[in-house]
Amino acid sequence: MRTPKRAKKLLIFVTSTALTFYVYNLFMSFGIATAVLTSLLVHEAFHFFAFRRHGFTAGMFFLVLFAGVIPDNDEALKVMPRYQEAFIAIAGPAGNVVLILVGALISVVPEWRSFGLTFMELNASLAAFNLLPFFMLDGARVAKALYSSA
């Protein structure tokens, strides 16, 4: 009976990704829209797999314009040790660091140098921005995990 539930989650994921890409393509070139979408998907996938790695259940993640959302179990977050919360929060920016390395490899090819450098800048910006300690960003979760007394 899980198949219809998985199909629904997959449909939400594919639909949100397609709509997000459509909106990006309205304001950006196809190449940049693809790079932004790829960066966000990898960022959220790293969070998702870190969450699962620590034994917590998570629904399929989806994109809402410039944000990724992972519907999670709030009860699990309440009992999650601080180090696990910090690890899960830092996983997204770590995905962007991996993509910076991918951009460096892409920029070795002379015809793709400009795109590779842009891809590196995009992912460095996303990682740095997400590590700011503001509400709803990964940096806030890391700061909470590091500085909370519980």
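1. Contacts along the chain. In this predicted model, 57% of the contacts in the protein chain between residues at least 6 apart in sequence join residues at least 24 apart.

2. Secondary structure. The protein chain contains 6 helices and 2 strands.

3. Burial and surface. The protein chain has 150 residues, of which 35% count as buried. Its accessible surface comes to about 9500 Å², and carbon and sulfur atoms account for 71% of that surface.

4. Ser39 lies in helix α2. Its relative accessible area is 0%, so Ser39 counts as buried. When neighbours within four places in sequence are left aside, the residues in contact with Ser39 are Asn96, Leu99, Phe119, Leu122, Asn123 and Leu126. Of these partners, Asn96 and Leu99 fall within the span of helix α4, residues 82-106.

5. Salt bridges. A search of the whole structure finds 2 salt bridges. In one of them Glu85 pairs with Arg141, and the closest N and O atoms are 3.7 Å apart. This pair links distant parts of the chain, since Glu85 belongs to helix α4 (residues 82-106) and Arg141 to helix α6 (residues 138-147), 56 residues apart. Glu85 also forms a salt bridge with Lys144, with 3.6 Å between the closest N and O atoms. Here too distant parts of the chain are linked: Glu85 in helix α4 and Lys144 in helix α6 are 59 residues apart. Through shared partners, the salt bridges join Glu85, Arg141 and Lys144 into one network.

6. Is Glu85 buried or exposed? With a relative accessible area of 9%, Glu85 is below the 20% limit and therefore counts as buried. Arg141, at 34% relative accessibility, counts as partly exposed, because this value lies between the limits of 20% and 50%.

7. A positive surface patch. Which residues form the positive surface patch? The patch is made up of Lys5, Arg6, Lys8, Lys9 and Arg52. Helix α1 (residues 2-27) gives the most to the patch, with 4 residues. Arg52 has its place in helix α2 (residues 30-53), the helix that also holds Ser39.

How values were computed. Residues numbered from 1 in each chain as written. Predicted model: local features only at pLDDT ≥ 70, side-chain atom pairs only at ≥ 80, totals over all residues. Heavy atoms only, no water. Buried < 20%, exposed > 50% of the residue type's maximum accessible area, 1.4 Å probe, protein only. Contact = heavy atoms within 4.5 Å. Areas by Shrake-Rupley, 256 points an atom, 1.4 Å probe, with all protein chains shown as cover. Patch = residues over 30% accessible without salt bridge, like charges linked within 9 Å, V, L, I, M, F, W, Y side chains within 5 Å. Salt bridge = Lys/Arg side-chain N within 4 Å of Asp/Glu carboxyl O. Lys, Arg positive; Asp, Glu negative; His and termini not counted. Charge placed at Lys NZ, Arg CZ, Asp CG, Glu CD.
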